[in-house]
Structures are given as structure tokens and as C-alpha cells.
Amino acid sequence: DIGVTGVQTCALPIWIERAVLHGELFAFAMPRGSGKSSLVQAAAIWAIVNGHRDYVAIIGADEAAARRMLDAVWCELEINDTLYEDFPEVCHPIRALERISQRMRGQLHDGQPTRMSRTRSELTLPTIAGSKASGARLQAAGITGAIRGMSAKRADGTQFRPSLVLIDDPATDEVAASPAQVQTRLDVLRGAILGLAGPKKPISGLCTVTVIRPGDLADQLLDRKANPAWQGERAKLVYQWPTAESLWSEYAELRREDRKST
């Protein structure tokens with residue numbers, strides 16, 4: 001320990017856990033390029049393969065962005081060996097397709113159809129007896145797209161709707177420069193998205209944002225007084241500077257010497 005207590009440890013995984021497990025709503029601001037999208041994708045996978053949530057809505061700045069996140073989730077389920085070892089009941093049926101989507105329709109497990117499906121904007125995981133993720137669904141949409149009315153049917157015919165929404169960077173530079181577009185997207189976040197779970201049913205979720213300019217969508221959403229439903233939090237680059245300055249000086253000297261030797 002050389003006193004690196006001040007370097008930011010990303011708090012986003014904590015908010016993910018609280019959203020997924022405890023039904024809370026968070027808006028979390030981080031700089032672009034800090035891995036927000038990857039963490040949102042990981043949150044979707046973690047929530048669904050562990051059976052914490054059976055229907056996750058993934059929302060992007062537009063439909064193309066949301067579909068890219070859904071593609072990334074599918075790719076991880078297909079090729080990630082660690083996930084395969086821990087959740088073979090989810091990953092093996094996907095690998096068994098050998099990237100031939102037409103095989104989904106006839107795929108069986110113990111003589112029963114897995115009912116797996118995959119389109120550009122949704123995927124349904126295989127129905128496997130004993131699997132925590134059996135029949136779980138992920139659906140992608142742009143924030144100004146077809147969000148209202150998201151629903152699906154389980155293998156037993158019962159209807160279900162999203163219980164978790166994951167929103168990644170819902171505004172672009174163009175949107176940030178337009179008060180009208182900012183207001184439109186804020187209205188969606190306050191209205192349609194909060195109603196995804198159905199009448200009088202709460203939705204849990206996480207919205208990762210980047211503040212582009214004062215008064216933009218992210219800046220307003222992070223204001224807890226203006227948007228109390230979303231618990232806004234801004235990440236800091238440094239929370240507290242390290243105290244062991246002499247050790248940092250020693251490290252800097254060692255690094256300089258190493259560069260000289262190479």
C-alpha cells in the first residue's frame with residue numbers, strides 16, 4: 001500500500017447491485033471512454049444469468065446504439081469461456097447453434113424445445129428446467145423509440161414485462177445542444193421508462209450519463225431535487241489525494257530509471 005486511497009475506485013458496480021437486487025433507480029455520471037457501456041452490458045448479463053431479473057430492457061441514445069449493446073451481450077454469452085463454465089445451461093445451447101440461427105426453432109433439451117429466440121432487438125434465453133435464467137428476455141430500444149408496451153410471454157403462456165432497465169448515454173452532442181430534444185428525452189425518462197413494469201409496478205434501473213454541457217439531459221437528471229426518482233451521482237476523478245508522497249517520489253524515480261535502461 002503506497003497510499004493510493006485517493007484514486008477513484010468506480011462506484012458504478014455498487015449502484016448496479018443496488019438497482020438489480022434492491023429495486024433502486026440511479027443516474028450515474030462518468031466521463032466518456034471510462035467503460036460505462038461495458039459495465040452496463042456486464043450488469044445485464046449478471047442480472048439475467050443469476051436469475052435476479054427475468055426481463056431486462058436495454059436503452060440507448062438511439063436504436064442502433066441499443067442493438068450494439070444487445071449484440072455485445074449475445075457475443076459474451078456465446079464465446080466467454082468463464083461464463084460457459086459457470087452457466088453452461090445458458091451458454092451451451094447458444095454455442096450449439098454454431099452461429100446458425102435457424103437451428104433455434106428445432107433445438108431440444110431433454111426432448112423439450114428450448115424456445116430460444118434472437119432478433120435484432122431482442123433475445124430470449126433457452127428454456128431449461130432448473131436454470132435460473134430459463135426463458136429470460138433482453139430487449140433493446142432507442143430512448144425515443146418503441147418503449148411503451150414492452151412485454152412477452154413465458155413458455156407457460158403467462159405475460160411478463162421488464163423489471164430492470166439499463167440506459168447507456170441516452171444523449172448525444174446534438175441532443176445536448178437542443179433544449180427541445182433534451183426535454184423530450186427527460187420526459188421519456190420520467191414517464192415511459194418508469195412505467196415499463198406495468199401499471200402501479202415499480203421499475204428498477206441504472207442510467208449512465210455524460211455531462212456534455214450545463215443544463216443538458218445528464219446535468220438535469222443528476223439534480224436530485226428536480227428528478228427525485230433518479231438518485232443522481234457524479235463520479236470524481238480524485239476523491240482524496242494520496243498521503244504517502246515520499247513513496248510516490250520513489251516510484252517515479254524507479255520508473256525513470258527503468259525507462260533509461262530500456
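Reader: How many helices and strands does the protein have?
Author: The model is predicted: local features need pLDDT of at least 70, side-chain atom pairs count only at pLDDT 80 or more, and totals for chains, interfaces and linings use all residues. Residues are numbered from 1 along each chain as its sequence is written, and side-chain values use heavy atoms, with hydrogens and water left out. Helices (H or I, at least four residues) and strands (E, at least two) are DSSP runs, numbered from the N terminus. The count for the protein is nine helices and 12 strands.

Reader: What box do the C-alpha atoms fill?
Author: The box is taken along the principal axes. Its dimensions are roughly 65 × 50 × 30 Å.

Reader: What share of the residues is buried?
Author: Buried means under 20% relative accessible area, exposed over 50%, and partly exposed in between (1.4 Å probe, protein chains only). The protein has 262 residues. Of these, the buried share is 44%.

Reader: Of the contacts between residues at least 6 apart in sequence, what share joins residues at least 24 apart?
Author: A contact means heavy atoms within 4.5 Å. Among contacts in that set, the share is 66%.

Reader: How far apart are the centres of the positive and negative side chains?
Author: Lys and Arg count as positive, Asp and Glu as negative; His and the chain ends are not counted. Each charge is placed at NZ of Lys, CZ of Arg, CG of Asp or CD of Glu. The sets hold 32 positive and 31 negative side chains. Their centres are separated by 8 Å.

Reader: How much space lies in the largest cavity?
Author: A cavity is a set of points, on a 1 Å grid over the protein atoms alone, where a 1.4 Å probe fits but cannot get out; lining residues have an atom within 4 Å of a point. The search of the whole structure finds one cavity of 30 Å³ or more. Its lining includes Arg32, Asp169, Thr210 and Asp216. Grid points are joined across faces, edges and corners, and the space filled by probe spheres set on them is about 60 Å³.

Reader: Is Glu98 buried or exposed?
Author: Glu98 is found in the loop between helix H5 (88-96) and strand S3 (108-109). Its phi is near 55°, a positive value in a residue other than glycine. Because its relative accessible area is 54%, Glu98 counts as exposed.

Reader: What is the relative accessible area of Arg99?
Author: Arg99 lies in the loop between H5 and S3. It is not a glycine, yet phi is positive, about 65°. Arg99 is exposed, at 73%.

Reader: Which residues does Glu78 contact, leaving aside neighbours within four places in sequence?
Author: Glu78 lies in helix H3 (residues 63-79). Its relative accessibility is 11%, so it counts as buried. Its contacts are Ile94, Arg95 and Arg99.

Reader: How far is Phe87 from Leu77, C-alpha to C-alpha?
Author: Phe87 is found in the loop between helix H4 (81-86) and H5. It is buried, because its relative accessible area is 15%. Not counting residues up to four places away in sequence, Phe87 touches Val49 and Asn50. Phe87 and Leu77 are 10 residues apart in sequence, and in space the separation is 9.2 Å.

Reader: What distance separates the C-alpha atoms of Ser34 and Gly51?
Author: Ser34 is found in the loop between strand S1 (25-29) and helix H2 (36-49). At 32% relative accessibility, Ser34 is partly exposed. Ser34 and Gly51 are 17 residues apart along the chain, and their C-alpha atoms are separated by 28 Å.

Technical notes. On a 1 Å grid over the protein atoms alone, a cavity is a set of points where a 1.4 Å probe fits but cannot get out, and a pocket is an open set with protein on both sides within 12 Å along at least five of seven lines; lining residues have an atom within 4 Å of a point.
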